[in-house]
Each structure stands twice: as C-alpha cells, then as structure tokens.
Amino acid sequence: MMRDMDEFWVFGYGSLMWNPGFDYEVRSQARAFGFRRSLCVRSWVHRGTEQKPGLVLGLDRGGSCHGVAFRISPEHWLSTVDYLRERELVTKVYVERFVPVRLSGGSTVRALTYVVDRSHRQYAGAITVTEAADVVRDAIGRSGPNHVYVENTVAHLREMGIRDHWLEEVASRVAAFSPGVTAP
C-alpha cells in the first residue's frame, strides 16, 4: 500500500482534526471534494449502544468537506495506519480510502481517510436536523453522552474557523430541549 508513495497524508474531518493520536510532521487545513461531513453513523460503542444508538460523524458522498491533513514521516507510516485501523474500524462501518485533498496552500495530495460504508447496517443515511437532535439528546455510550460529542465537535470546528451549519443546528436543538445542555 505505501511502498510506492513519496508522502503519506491522513485526512481528518471529525475528532482526528484536534485529537489525531499519532505523530505527524505537517498539519494543514484541507478540503476533500466529493465528500461531506455527516452525522450519519449509528454509534453502538462510543456514543450509544446497539439497543439505543447515538450518531457520530462519517465522511459521506457528495459536496465537499473542510478538515485537516497530516503529513506523516516515513518511520511512522505503519504505526499510524495500525493505530487508525484500531481507532476507526471498530465495527467496520468505515472503509479505508485514499482521496485527493487540497491543502490550504493550494497543492493537492492523496490522503488516507475513512469513508462511511453506505451498505453497513450502522449507516443512518440522510436524516433531518430534528431526527438527529432526537437521537443525540438521549444516547449514551462508552465514551459518554452523544450530545457532548456533538457540542465538542461544533466547538472545535468553530475554533478552527470551520462552519458546519447543519451540525450547529443539531447542537442548538439539543440544547433547546435539554436542561443542563448548552449550545456551543
């Protein structure tokens, strides 16, 4: 997979952007075309259970997605892939892909990322803001309440200057109907 590569990049669109968990040489804001950030994965482990799933982000077809690309030094290529597979492929709802991403400086590189598998039973598909908020409001998994995941994601995206209006609206609706929850 990586023998023919001169450089190895990883594209993050969710928590990898601010919590990559691996060593990197370069970090650059980037944009993937043909894919969009979407709250489209039913979480059975970290933000929900199989009986009461939560929702987490996936990279789904269509549009474009602002995120972060990380260039990995050659001595960390294999350990980074091992780490990412352990982190991202827990229930096999994502497919490992190399996609072109445009870096903030204008150059385009191929980067490893994780795209949602639309044929997987955890794929939630296109849901409305109201449906998403109803799920997020009550789901809790191994890593805590689903609403905390969404609030944290929105807050980090804003800190990075990235707006995701749909996700922001989900967070706002959850906060509006949940005592003790604040909109980011």
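Contact here means heavy atoms within 4.5 Å, and helices (H or I, at least four residues) and strands (E, at least two) are DSSP runs, numbered from the N terminus. Hi everyone, and thanks for coming. This is a predicted model, where local features need pLDDT of at least 70 and side-chain atom pairs count only at pLDDT 80 or more, while totals for chains, interfaces and linings use all residues. Residues are numbered from 1 along each chain as its sequence is written, and side-chain values use heavy atoms, with hydrogens and water left out.

Let's begin with helix 3. Its buried residues (buried means under 20% relative accessible area, exposed over 50%, partly exposed in between, with a 1.4 Å probe and protein chains only) include Tyr149, Val150, Val154 and Leu157. What do the buried residues of helix 3 pack against? They pack against strand 2 (26-43), strand 3 (54-72), helix 2 (129-138), strand 7 (144-145) and helix 4.

A quick check on length: at 1.5 Å a residue, the 14 residues of helix 3 should span 20 Å, and the end C-alpha atoms are 20 Å apart, which agrees. The expected span is 1.5 Å times one less than the number of residues. After helix 3 comes glycine 161, with a positive phi near 80°.

Now for the helix pairs. Axes are lines fitted to C-alpha atoms, for helices over the stretch in contact, and angles run from 0 to 180 degrees between N-to-C directions. Helix 3 (residues 146-159) packs on helix 4 (residues 165-176) at about 135°, with axes 10 Å apart. That makes helix 3 oblique to helix 4; angles under 35 degrees count as roughly parallel, over 145 as roughly antiparallel, 65 to 115 as roughly perpendicular and the rest as oblique. Among the residues meeting here are Val150, Val154 and Leu157 in helix 3, and Leu167, Val170 and Val174 in helix 4.

How do helix 2 and helix 4 cross? Their axes come within 9 Å and cross at roughly 55°. So helix 2 is oblique to helix 4 as well.

One last stop: leucine 89, in the loop between helix 1 (77-88) and strand 4 (94-103). Is leucine 89 buried or exposed? At 16% relative accessibility, leucine 89 counts as buried. Not counting residues up to four places away in sequence, leucine 89 touches Leu84, Tyr94 and Tyr114. Leucine 89 and tyrosine 114 lie 25 residues apart in sequence and 8.7 Å apart in space, C-alpha to C-alpha. Happy to chat about any of this!
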